[in-house]
Amino acid sequence: MNVPRVAVGPAADAPHIERLTAAGLHAVADQLGDLLVDTVRSGSSLGFLAGLDRAAASGWWRGLGPVVEAGRLAVWVARGRERDDSRITGTVSVAFTDKPNGRHRAELAKLMVRPDARGQGLARTLLAAAEHAAAEAGVTLLVLDTETGSSAETVYRRAGWTEAGTIPDYAADPSGALHATTLFYKRLGTAARRRVTDAEPEPAVRQ
């Protein structure tokens with residue numbers, strides 16, 4: 001099954017945001033693995049430590065196939081702005097819960113942008129696409145956690161997310177040093193259903 005690309009924004013050179021099927025995820029696992037390795041190498045706290053290699057990173061993405069197939073995880077990728085550019089420049093995921101008392105909420109995770117594609121509003125565009133799709137799926141509350149003091153906090157605050165608090169020594173960065181994490185949430189409504197046409201540039205994202 002081929003999922004059509006969805007251009008977010010009116011510009012002809014806008015990045016193409018595509019939701020992956022399980023088969024589509026398997027097909028681009030190596031590209032996503034490269035993106036994950038580059039992001040971890042840049043110091044971002046994503047659940048992995050320094051030394052992560054491409055094979056392990058690609059295998060991690062492929063391992064998500066059954067969860068995507070079951071509909072419990074949605075993964076989007078951003079493609080290059082040029083019409084013939086199929087390179088993946090960013091990704092974001094939303095994890096849905098199957099708990100009977102929590103089906104109204106979901107968790108946003110693994111927002112990543114290639115180093116050479118940062119500062120162009122791509123993180124904000126990916127975030128908006130995930131929020132829009134989650135709202136369309138009936139989600140009314142999104143949550144996330146990100147390293148306290150990271151530049152990702154700026155992205156989320158600009159996008160209307162609310163800080164819920166911090167937890168000290170929550171996770172290690174790639175070097176193994178423990179850092180606090182900040183919890184954010186966002187209630188979804190009509191604002192989340194609007195397409196973003198003018199995403200403002202953002203700093204390098206660290207989630």
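Tutor: **Patch, rings and salt bridges**

Ile 167, Tyr 170 and Leu 183 make up a nonpolar surface patch whose accessible area is about 240 Å² together. Such a patch takes residues with over 30% relative accessible area and no salt bridge, joining like charges within 9 Å and nonpolar side chains (Val, Leu, Ile, Met, Phe, Trp, Tyr) within 5 Å. Areas follow the Shrake-Rupley method with a 1.4 Å probe, and for residues only the protein chains shown count as cover. The model is predicted: local features need pLDDT of at least 70 and side-chain atom pairs pLDDT 80 or more, while totals for chains, interfaces and linings use all residues. Residues are numbered from 1 along each chain as its sequence is written, and side-chain values use heavy atoms, leaving out hydrogens and water.

Tyr 170 belongs to strand β7 (residues 162–172); helices (H or I, at least four residues) and strands (E, at least two) are DSSP runs numbered from the N terminus. With a relative accessible area of 45%, Tyr 170 is partly exposed, a class between buried (under 20%) and exposed (over 50%), with a 1.4 Å probe and protein chains only.

Aromatic pairs number four, where rings of Phe, Tyr and Trp (its six-membered ring) pair if their centres lie within 6.5 Å; planes under 30 degrees apart are stacked, over 60 edge-to-face and the rest tilted. Tyr 156 and Trp 161 form a tilted pair, because their ring centres are 5.9 Å apart and their planes stand at 55°. Both of these residues, Tyr 156 and Trp 161, are buried. Tyr 156 and Phe 184 are also tilted, since their centres lie 6.0 Å apart with planes at 50°. As Tyr 156 is in helix α6 (residues 152–158) and Phe 184 in strand β8 (residues 178–187), this pair ties together parts that are 28 residues apart in sequence. Tyr 156 and Phe 184 are both buried.

The whole structure holds eight salt bridges, each a side-chain nitrogen of Lys or Arg within 4 Å of a carboxyl oxygen of Asp or Glu. One of them joins Arg 157 to Glu 163, with the closest N and O atoms 2.5 Å apart. Arg 157 is partly exposed at 40% relative accessible area, and Glu 163 is partly exposed at 39%. Glu 153, Arg 157 and Glu 163 are linked in a salt-bridge network. Another bridge joins Lys 186 and Glu 131 (3.0 Å, N to O). Lys 186 lies in strand β8 and Glu 131 in helix α5 (residues 122–136), so this pair ties together parts 55 residues apart in sequence. Lys 186 and Glu 131 are buried.
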